[in-house]
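Some notes follow for a colleague opening this entry for the first time.

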Amino acid sequence: MSTGRFTMPTEENFFEESKRLAQLWGADAVRNSDGTELDHNILDLGKRIYSAYFPTRGHNDFMADRMRYVPQVYLLSERVLAEGPEVTISLLQTYFDEQLQVNADDDPKEYWEVIDRTSGTVLDPASWEYDAATGTVTITGTTPMHEYTVTFMAYVIWDPVQMYNHITNDWGDKEHEIAFDPRHPEVRDFMYATLEQWLKDNPHVDVVRFTTFFYQFTLIFNNLRLEKIVDWTGFQVTVSAQALADFEKEYGYKMRAEDFVDAGSYGSSFVNPGKAQRDWLKFTFHSVQHMIKHMVDLTHAAGKEAMMFLGDQWIGTEPYSKEFPGLGMDAIVGSVGDGTTTRMIADIKGVNYHEGRFLPYFFPDSFYEGADPSIEAWDNWRKARRAILRSPLQRMGYGGYLSLAAKFPTFVDAVAHIADEFRDIYDKSGGKGAQPQLTVAFLDAWGEQRSWQGFTVAHALPNKYNRNYYGILEAISGMRVNVRFLSFADVLEGGFPDDVDVVINAGPAGTSYSGGDAWQNPQLVAAVRAWVRSGKGFVGVGQPTAADHQGRFFQLADVLGVDQEIYRSLNVDKYWPEPTESHFITDELATIDFGETIVNTYPISQDVSVLRGEDGQVQLAANVAGAGRGVYLSGLPYSASNARLLERVLFWAAGAEDRYATWSSTNPDCEVAYFPDSGVYAVVNNTGQAQATTVCLPGGERVDMELAGSGILWKEYQA
């Protein structure tokens with residue numbers, strides 16, 4: 001058993017068992033979780049002490065007569081059909097009234113919008129009235145058979161994270177914590193003074209774990225106490241009359257209510273961001289940055305480290321911005337849901353170390369009679385390990401109720417094994433990522449700002465609508481490639497970085513990820529086309545480069561070899577070439593899961609290699625474009641086989657087939673990571689069952705291996 005690099009949650013009245021588990025798991029740090037406090041004997045363990053700190057909640061006594069200063073959000077009512085000249089809309093009918101309260105303190109006529117959604121007309125405020133007693137808006141002069149909505153401001157009167165934990169754990173009569181918005185000077189001064197006093201009162205704390213800072217990602221519940229709007233990158237709970245006034249003063253124009261709700265998309269990162277959204281994000285970041293810097297400086301002055309939890313109120317921190325390293329944060333910690341979220345944490349620059357909080361969280365939804373939480377622990381570890389081998393975390397840990405987890409001995413033993421393996425990987429790799437063989441860039445509207453956060457709605461939870469695309473990130477998170485994120489603006493301003501071998505453009509048509517109208521810019525199309533034809537690779541997934549323009553739907557159909565019929569050219573026949581039976585991309589693979597169907601895709605010429613097709617649409621095609629290459633995939637949900645497919649696609653697109661075999665594994669369920677500085681390589685089994693594979697070394701030597709379920713083998717290799 002090894003020790004160190006492990007943070008363990010603990011709680012009151014659980015000292016002796018905490019001591020035992022700390023020794024078993026090799027913990028060198030302990031922390032409290034939301035809803036728990038550290039035991040007064042905890043210093044006797046001799047561990048570093050983390051303490052969760054909530055900058056904007058947990059002070060209901062202060063907020064009791066300052067409810068005007070709680071966070072606020074613009075919400076959209078349900079659409080209501082007018083059947084006559086008047087209609088009444090109930091604002092909170094489908095919202096959770098314990099979380100939300102209509103804000104009529106700031107003049108509704110100035111801050112709200114009532115819109116005829118059938119015509120798109122914003123109604124004159126004189127045509128509607130708000131009734132505070134009933135919580136309804138009555139509109140007069142409506143057009144029959146038109147739908148109407150009200151966009152209104154609401155107070156978030158219950159902190160969303162404490163609310164979620166309260167509902168999940170059935171905390172009963174526990175007090176609802178009120179969050180507060182530090183944009184208001186009185187609140188900001190209180191927040192700073194409270195932190196200063198807390199730092200003095202807690203000399204035993206080594207690391208202040210800010211959970212997080214000021215603005216919650218969008219998490220709004222419905223009248224059934226279930227999630228109604230959840231958006232990991234959502235910035236909705238950043239609004240107030242004060243913020244709107246500050247924005248107008250700084251940017252010279254006024255934000256509309258519609259800029260926030262956007263007819264019901266609520267600023268989803270799938271929607272191409274316009275000027276207002278980009279400006280509001282910058283505006284929010286600049287104010288958040290200033291406050292973070294002050295709190296970090298206070299923490300350092302008290303002789304403590306400042307750690308940011310990448311979760312809860314992370315909105316506005318923008319950890320992938322160029323300014324973030326200047327905030328002086330010592331560490332980042334985040335919830336590890338899979339390989340993608342592992343990379344989202346590990347790739348952040350400007351901190352001294354990165355820590356992953358692994359799953360399951362020690363809450364009753366995973367730890368209940370008859371459950372085996374070790375199954376989730378091993379699954380979570382296998383997903384994360386792929387990514388850690390490419391971009392290391394320096395620390396790991398868990399969160400929740402330790403007393404709950406201790407009741408499950410199989411889980412306790414699993415964590416002991418995982419913790420030892422985590423430390424062993426760090427030691428053997430020298431704390432460095434494995435050697436990459438290609439550099440791949442994602443191209444979309446967001447670029448580096450949303451690194452590893454693409455195609456995401458809820459944290460690490462793909463669904464039917466995004467699994468075609470989220471699977472690309474998950475596959476590539478543990479692949480032997482460097483990964484970069486570029487925006488369309490980056491390419492227009494400076495072209496492609498010299499080290500990029502392949503670009504991926506993926507997503508549904510009209511979204512920020514595939515690009516939508518961005519592809520009607522001839523400069524962008526020409527720049528990408530010229531770059532590919534110079535000898536580079538371009539991979540499109542789903543509806544890449546899609547924009548209905550000049551007779552094309554996929555604007556780089558000439559590169560991909562594929563376009564999509566959108567019922568504009570049914571009178572022009574499409575002739576498919578003979579399917580290509582043998583190709584580098586598919587030689588190792590029998591079955592492929594292409595996910596949700598992209599209908600009516602077809603090859604644009606007889607020169608395209610159609611590798612897979614079904615029911616009249618192309619699922620996989622390869623094409624030559626000048627000296628470069630293009631590949632089309634209809635979708636790529638994550639699986640070991642699909643990850644192998646993508647790897648072969650990338651090597652072929654880069655014209656690097658001759659480099660593919662080296663450091664490859666013949667079994668897609670096993671992957672190889674080579675660490676030249678340490679003179680070792682690791683082979684991992686990404687399943688819970690035993691696997692056999694053959695690894696190809698430089699020069700052609702082949703090594704046969706057998707790995708236990710979830711196993712990892714290390715071998716020496718000197719170049």
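1. Phe62 is buried in this predicted model. Its relative accessible area is 9%, under the 20% cut-off for buried. Phe180 is buried as well, with a value of 0%.

2. The structure contains 51 aromatic pairs. One of them joins Phe62 and Phe180 in an edge-to-face arrangement, with the centres 6.3 Å apart and 75° between the planes. Phe62 belongs to helix α2 (residues 60-63), while Phe180 sits in the loop between α4 (160-169) and α5 (185-201), so the contact ties together parts 118 residues apart in sequence.

3. Trp452 and Phe485 also form a pair: their ring centres are 5.4 Å apart and their planes meet at 70°, so the pair is edge-to-face. Trp452 is in the loop between β20 (438-444) and α13 (467-477), and Phe485 is in strand β21 (residues 481-487); the pair therefore links parts 33 residues apart in sequence. Both Trp452 and Phe485 are buried.

4. UniProt, in an unreviewed entry, lists residues 440-658 as "domain: Lacto-N-biose phosphorylase central". In the model this span is 23% helix and 26% strand.

5. Which residues form one aromatic cluster? The members are Phe6, Trp25, Phe358, Phe362, Phe367, Trp381, Tyr398, Phe408, Phe411 and Phe422.

6. Lys109 lies over the face of Trp128, 4.5 Å from the ring centre. Lys228 lies over the face of Tyr95, at 5.0 Å from the ring centre.

Terms used
Residues numbered from 1 in each chain as written. Predicted model: local features only at pLDDT ≥ 70, side-chain atom pairs only at ≥ 80, totals over all residues. Heavy atoms only, no water. UniProt positions renumbered as here; feature names shortened; annotations may be inferred. Helix = DSSP H or I, 4+ residues; strand = E, 2+ residues; numbered from the N terminus. Phe/Tyr/Trp six-rings, centres within 6.5 Å; stacked < 30°, edge-to-face > 60°. Buried < 20%, exposed > 50% of the residue type's maximum accessible area, 1.4 Å probe, protein only. Lys NZ or Arg CZ within 6 Å of the ring centre and 35° of its normal.
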